[in-house]
Amino acid sequence: MIFSKKHLFFMFILLFLLNIILRLPTTPHEIGWDSFAIHTTANTVSEFGSAKWWLNLSSVFGFYPYSYASAVPFLLSGISQLALMEMELTILIFCILIGILSALTAYLMANSIFEDQLFAFIVAFLYSTSSGILYFTTWTVSTRGLFIVLLPLFYYLLLKSRQSVKYMFLLVPLYIFLMAVHKLFFFLAIPVIALLLSGLIFKARIVDYIEDVHPRFQLLLVVAAFSLMLILPLFVPGFIGSGPLSELITTQILEYLRFIGILIVLFVVSLLYLIMKKKKTFGEWFILISLIGFTPFFYVANYGKWFFLSLAFIMIGIGLMNIIYIFLKRSDKSLFVVLSVIIISGLLFSSYFQFINYLENTDDRYMDEETYQVSSWMKGSINNNESAFAGERFFGIRVLSIAEVPMLSGQGFNDISYGFVDPDSLEITRVHSVFSPSFYLYDPYKEANSSSSWKLWAIQTTSFTTPNSYAQRIIKHYGFTYFVDNLRYPNTFSRSIQATESKLYDSGSINVWMLSELP
């Protein structure tokens, strides 16, 4: 189906408005956990004018100890400096922009598989408003978020490169950029292999032999392929984490349902349709082979589902188009009602998790006002030649993002930027071979030194008043002058400091203590 440019433009304007509305803040401050660490990393780029966590080339991509994937912090820093905005507001606007971008990239991807504007727009609508995309693009900055927004663009350029080499001049830079966004780029080898296999099937006319096979036998063969790929990881050491396999599978199924929504039913139906369909197009073979290729990563809890997400909505789009064709063939006037119910059901599912699910017990989901106020006070009251630490790691990371003062966070890439880690004293060795799955799924390097996270833990679990304790030695070594205590997270250090009379700030449940003199 083809729309006029005017109608298509109007449809996208409405979709953009919907994406903005879905991402309007429902919390007083930034959301998430990793978001505040990246927030701080972007602050350090703006403050120091460079990435102090870059120890070698692999640091750019976050492979080396005390480093982090660099693309998102640099983007945020650039936007913040150019627009003269606080980083918290920058993150909000950045999320809205990449939310809108997700609709455009999904449209391009879908249109490169089936040149049908209605199909492409349906996929763009469903993908950009899905629970999975909204989760990472609503006032929370995550490297995974930008990656899954740009992933459909990678699919588009990859498929187009089959038609013209000129697309390679965009595909290669995009691939390098995605390397600096998130280590998920390892998985991009799968769609590349799927493209090559699809081309081989058509060029060698293997497709003709496959089409002659009975649809039920085709179904059996594809189910066998999916089953084999699902079983294969069970025999690869290190591929599946510890814990009961049944519990992992149950959790993963619920996660896929959570991020795709109730329209996952259409995915299952469309997959069966695609397997049994005769005369599959190149795009359909590409999708099918890609899905088979990603099947082993079903067990990889943090990463597998994000590649599945974009392909799932292609399949859901196919299912909806089949429904449209059936109703049009029958001249059934209830098409609009049925289509509206299906699409609105998916949107309501996303809206529930976006606006209703977190109405209760949200304190740990975003920065509360009390934490923001003490962080702002520290920003205006503590000099850059002074330093601090907090009584709880994640609380401290949130404080640091707003306070922007030297503060031990326990996160190496930020601690090295603020001078709590000496790059020249690091002793680092590689512990996983490039041929091991652990190299790609976990940190490939190990440091012989005591990490900054261990030092923070050592302070928190020893007494301020005990002579020569870990707390006293580390505080003296770094010259810490302030301690931020959240009474909701008591520990040995926070209890020991209550006996002193050096409190500078008291908001009720958060205190700031002066550490100028050791007892």
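This is a predicted model: local features need pLDDT of at least 70, side-chain atom pairs count only at pLDDT 80 or more; totals for chains, interfaces and linings use all residues.
Biologist: Why is Ser-496 called buried?

Modeller: Its relative accessible area is 12%, and buried means under 20%, so Ser-496 falls in that class. Ser-496 is found in helix α24, residues 492-497.

Biologist: What does the side chain of Ser-496 reach, and what makes that a polar contact?

Modeller: The side chain reaches the backbone nitrogen of Phe-464 at 2.9 Å. The cut-off for a polar contact is 3.5 Å between N or O atoms, so the distance of 2.9 Å lies within it. Leaving aside neighbours within four places in sequence, Ser-496 is in contact with Ser-463, Phe-464 and Thr-465.

Biologist: What makes Lys-277 and Glu-284 a salt bridge?

Modeller: Their closest N and O atoms are 2.6 Å apart, and the definition asks for a Lys or Arg side-chain nitrogen within 4 Å of a carboxyl oxygen of Asp or Glu, so the pair qualifies. Glu-284 has 2% relative accessibility; the limit for buried is under 20%, so Glu-284 counts as buried.

Biologist: How do you know that Lys-379 and Glu-404 form a salt bridge, and which parts does the pair tie together?

Modeller: The N to O distance is 3.3 Å, and the limit is 4 Å, so the pair counts. Lys-379 lies in helix α18 (residues 369-381) and Glu-404 in the loop between α19 (393-403) and β2 (407-408), so the pair ties together parts 25 residues apart in sequence. Glu-86, Lys-379 and Glu-404 are linked in a network of salt bridges.

Biologist: Why are Lys-379 and Glu-404 called partly exposed?

Modeller: Lys-379 has a relative accessibility of 36% and Glu-404 one of 24%.

Biologist: Which helix gives the most to the lining of the second largest pocket?

Modeller: That is α14, with six residues. The lining has 15 nonpolar, three polar and no charged residues.

How values were computed:
Residues are numbered from 1 along each chain as its sequence is written. Side-chain values use heavy atoms; hydrogens and water are left out. Helices (H or I, at least four residues) and strands (E, at least two) are DSSP runs, numbered from the N terminus. Ala, Val, Leu, Ile, Met, Phe, Trp, Tyr, Cys and Pro count as nonpolar, Asp, Glu, Lys and Arg as charged, and the others, Gly among them, as polar. Buried means under 20% relative accessible area, exposed over 50%, partly exposed in between (1.4 Å probe, protein chains only). A polar contact is a pair of N or O atoms within 3.5 Å; within protein, one must be able to donate a hydrogen and the other to accept it, and residues adjacent in sequence count only if both atoms are side-chain atoms. Contact means heavy atoms within 4.5 Å.
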